[in-house]
Amino acid sequence: MGLVCSTAQLACLCGSTACSFCCSQCPSCRNSTSTRIMYALLLLLGTIAACITLAPGLQNALKKVPFCANSSNYVPSEVTLDCQSAVGYLAVYRICFILALYFFLMSIIMIRVKSSRDPRAPIQNGFWAIKYLLIIGGIIGAFFIPERSFGSTWMYFGMLGGFLFIIIQLILIVDFAHSWADAWVGNYEETESKGWYAALLSATFFNYAVAVGAVTALFIYYTHADSCDENKFFISFNLILCVITSIISILPTVQEHQPRSGLLQSSVVTLYVVYLTWSGISNSPVRECNPGFIPGLSSHDVATQNRVAFDKESIIGLIIWFSCVLYSSLRTASKSSKITMSENVLVQDNGAVRNAGEQALIGNEDYTTVEGRNPDAESGNDAKVWDNEEEKVAYNWSFFHLMFALATLYVMMTLTNWYKPNSTLDTLNANNASMWVKIISSWMCLGLYVWSLLAPVIFPNRDFS
């Protein structure tokens, strides 16, 4: 429903007639939901534009862009490389620079907004045509930024922002694991249906089977009998941690405080940690231990120069990234949110309902009656996207934009394969910094999940429900 309402908002970019027609055909939905989906769509369109610049067929056309045409060589000073060889990656850097800058500025503007009565609320929930025009104009202007040290400097911001978003992504994935298990176990307890029990077992077995198969493949392709000790350590150590974490999830003490905790959550976390391990060692600078090693831009092979980041690792990373962005846009905070610390990331239920009829239907006098209002709606018609934040915002607007700015930096690093412009390793996808970012992230994921299991045990007097 939220996506349909957001489509109606998008139609408002084309004029009042299209807006009125679409709104008349759509069901009503909360403004907080519709706005978040609109920003997710904005981020998705920016990502698609960045992906287009990496298409091999466009590389020759992109060589004429101003930042390449005005740069005789591509900094850093100690390595002289042709800017035209890296034009796809550098174009992605500029597109994501504008998107990240937009979300950072919106985050600053929306600091301490408490309700939609704030004068800044129309900036958050409206003016979509102006926003799109500003971003498009900014991207065009970014292509005139001289290369010099722009790429090598912006890469460090991208690496830091990508790491911070991975932490948010971990929180969302752990919350998803708890919510999934809570829903399915709850259905089984209520219905005592063997179908739900079989579904629980099947999903858990499938996740663990894929994880074991992936670990086996990592040992086969990323290690050798007499070398690659670092890769062997990462794979083995993370495997041991995953086994320990799975055991903790079914301990009697944990089960006493969290009856619905079990192996389904652990299997989801294990599968994600295995992915992070694979992603980390795929960035290993040791050539013989990295079957996905891509030679650098100084290579004279044109096909190698045009080989971009659309490998299996990047595709899976983008799928997980977009799933988390969509999940954070649609998901309402659940009972597990306090444990997983995702209560500040997801939408809160602020008790606002559409009208008095819905209030009576809910049967709760504590709910606040909020009349939907939409300045774009025709007079005499009900607003299809109604304001549920007149008394209290349903989510932290400033943090939401900060999260999307970090998501932009993460997708920038993923599309460019965590490419380091000033690397002396002469490679496109291998550097120690990106490897350690992902390996440390895998440890943080396990630590966060174990904390979500042990927190109710350590603090029995605290309400986590």
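Is Arg-120 buried or exposed, or does Arg-120 count as partly exposed? At 25% relative accessibility, Arg-120 falls in the partly exposed class, where buried means under 20% relative accessible area, exposed means over 50%, and partly exposed lies in between (1.4 Å probe, protein chains only).

The model is predicted, so local features need pLDDT of at least 70 and side-chain atom pairs count only at pLDDT 80 or more, while totals for chains, interfaces and linings use all residues. Residues are numbered from 1 along each chain as its sequence is written, and side-chain values use heavy atoms, with hydrogens and water left out.

The protein has 465 residues, and buried ones make up 51% of them. Its secondary structure consists of 19 helices and four strands, taken as DSSP runs numbered from the N terminus (helices H or I, at least four residues; strands E, at least two). Among contacts with a separation of 6 or more, 76% join residues 24 or more positions apart; a contact means heavy atoms within 4.5 Å.

Arg-120 has a partner. The structure holds one salt bridge, formed by Asp-118 and Arg-120, whose closest N and O atoms are 3.0 Å apart. The cut-off for a salt bridge is a side-chain nitrogen of Lys or Arg within 4 Å of a carboxyl oxygen of Asp or Glu. Side chains of opposite charge can pair when their charged atoms come close. Asp-118 counts as buried, at 17% relative accessibility.

None is found in a search of the whole structure, the count being zero, with a disulfide taken as a pair of cysteine sulfur atoms within 2.5 Å. For Cys-51, the closest cysteine sulfur is in Cys-96, 8.9 Å away, which is too far for a bond. Another cysteine, Cys-324, is buried, with a relative accessible area of 7%.

A cavity is a set of points, on a 1 Å grid over the protein atoms alone, where a 1.4 Å probe fits but cannot get out, and lining residues have an atom within 4 Å of a point. The largest cavity has a volume of about 100 Å³, a volume being the space filled by probe spheres set on the points. It is lined by 14 residues, and Tyr-275, Ser-279, Tyr-410, Trp-418 and Lys-438 are the closest to its centre. Helices H9 (150-191), H13 (263-281), H15 (312-330) and H18 (397-415) each supply at least two lining residues of this cavity, and H13 gives the most, with four.

Definitions and conventions:
1 Å grid on protein atoms, 1.4 Å probe; cavity = no way out; pocket = protein on both sides within 12 Å on 5 of 7 lines; lining within 4 Å.
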